[in-house]
Amino acid sequence: MKLLLNGEIVEENEAVIPVSDHGFLYGMGLFETFRTYGGKPWLLERHAARLGAGLRELGIAYEPDAARMREALARLLAANGMTDAYVRWSVSAGSEILGLPSGTYRRPAEIVHVKELAPDKPGTRAAKTLRLLKLRRSGPENGSFRLKSFHFMNNILAKRELAAAGAGPGTEGLFLNGAGHVCEGIVSNVFWLRGGILFTPSLECGPLPGITRGFVLEMAAGFGVEVREGAFRLDDLARADEVFMTNSVQEIVPVNLLENEAGEPIGRFRSDEAGSLTRQWMAAYRAQAEKGEAR
């Protein structure tokens, strides 16, 4: 597989960055994951804006340009003989002296990976189980809002917790934050419907401000559905009528079962039923993505 390293297409096994790169040494770097539809990246301007805002927060001198990203990605897809792909666009702080600098990183590194997408249609997408994790979600590194950073130890340990507990392959882990409020999944934002109202944890609870999360909130407004963002307990989620998860590659994924840490059912949902609002939104989201009109 070929990737982009600082704008140049290279074989993945030949791509190198210096061992003095602070992305490697200290985790100073951010990334975006998204996908393409018909070769066109979906919501790229929003991903570029989030990436740019986070890099400014970290003092990394890199300004994402959606037009350049689109052109570079087209070259990379062609080089790999691909039309559509899962994309990871990473920006590392770059090579610096050993130690913790207080100034701006002036020589960042750009690394872009692509990989094949598994065949998937909203109408045949299977529902998943959501299992409560014993591990709590770590707080945002900057103390205010979560960055999509290279710091993924919390997520990896959560994935290992699920595997050690014998959770099935269709299971996503559910994080609570330090205060015991519902936060997010290991790789997803979490939503639920109850009484015709859409609920999701507020950003103050520590979830990633997901791009698909934001688009779903816009969809809800367009459909006239009331939205409540806030601090919610596990019991609030367990009493839901429908539950679904979102991320930029899997889109909207229905949840039909909520389990506690021991794998015991504590909530069952009709999210996967034909005619459910979740199923309607899954189809509507895919239709919008394939049209590619949103910015």
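Entry one, the ground rule. I'm working with a predicted model.

Entry two, the helix pair. Two packed helices are described by the angle between their axes and by how far apart those axes lie. I looked up both values for helix H2, residues 44-58, and helix H5, residues 211-222: the angle is about 125° and the axes are 10 Å apart. An angle of 65 to 115 degrees would count as roughly perpendicular and one over 145 as roughly antiparallel, so H2 and H5 are oblique to each other. I also noted the handedness, and the H2–H5 crossing is right-handed.

Entry three, who touches whom. On the H2 side I found Arg46, His47 and Arg50, and they meet Ile211, Phe215 and Glu218 of H5. Sorted by type, the residues of this contact come out as three charged, two nonpolar and one polar.

Most residues other than glycine have a negative phi. I went looking for exceptions and wrote down leucine 43, whose phi is positive, near 60°. Leucine 43 sits in the loop between strand S4 (40-41) and H2. Is leucine 43 buried or exposed? Its relative accessible area is 2%, and buried means under 20%, so leucine 43 is buried.

Glutamate 251 isn't a glycine, yet its phi is positive at about 65°. I placed glutamate 251 in strand S14, residues 251-259. Glutamate 251 has 1% relative accessibility, so I put it down as buried.

Terms used: Residues are numbered from 1 along each chain as its sequence is written. This is a predicted model: local features need pLDDT of at least 70, side-chain atom pairs count only at pLDDT 80 or more; totals for chains, interfaces and linings use all residues. Side-chain values use heavy atoms; hydrogens and water are left out. Axes are lines fitted to C-alpha atoms, for helices over the stretch in contact, and angles run from 0 to 180 degrees between N-to-C directions. Helices (H or I, at least four residues) and strands (E, at least two) are DSSP runs, numbered from the N terminus. Angles under 35 degrees count as roughly parallel, over 145 as roughly antiparallel, 65 to 115 as roughly perpendicular and the rest as oblique. A crossing is left-handed if the near helix is turned anticlockwise from the far one by less than a right angle, and right-handed if clockwise. Contact means heavy atoms within 4.5 Å. Ala, Val, Leu, Ile, Met, Phe, Trp, Tyr, Cys and Pro count as nonpolar, Asp, Glu, Lys and Arg as charged, and the others, Gly among them, as polar. Buried means under 20% relative accessible area, exposed over 50%, partly exposed in between (1.4 Å probe, protein chains only).
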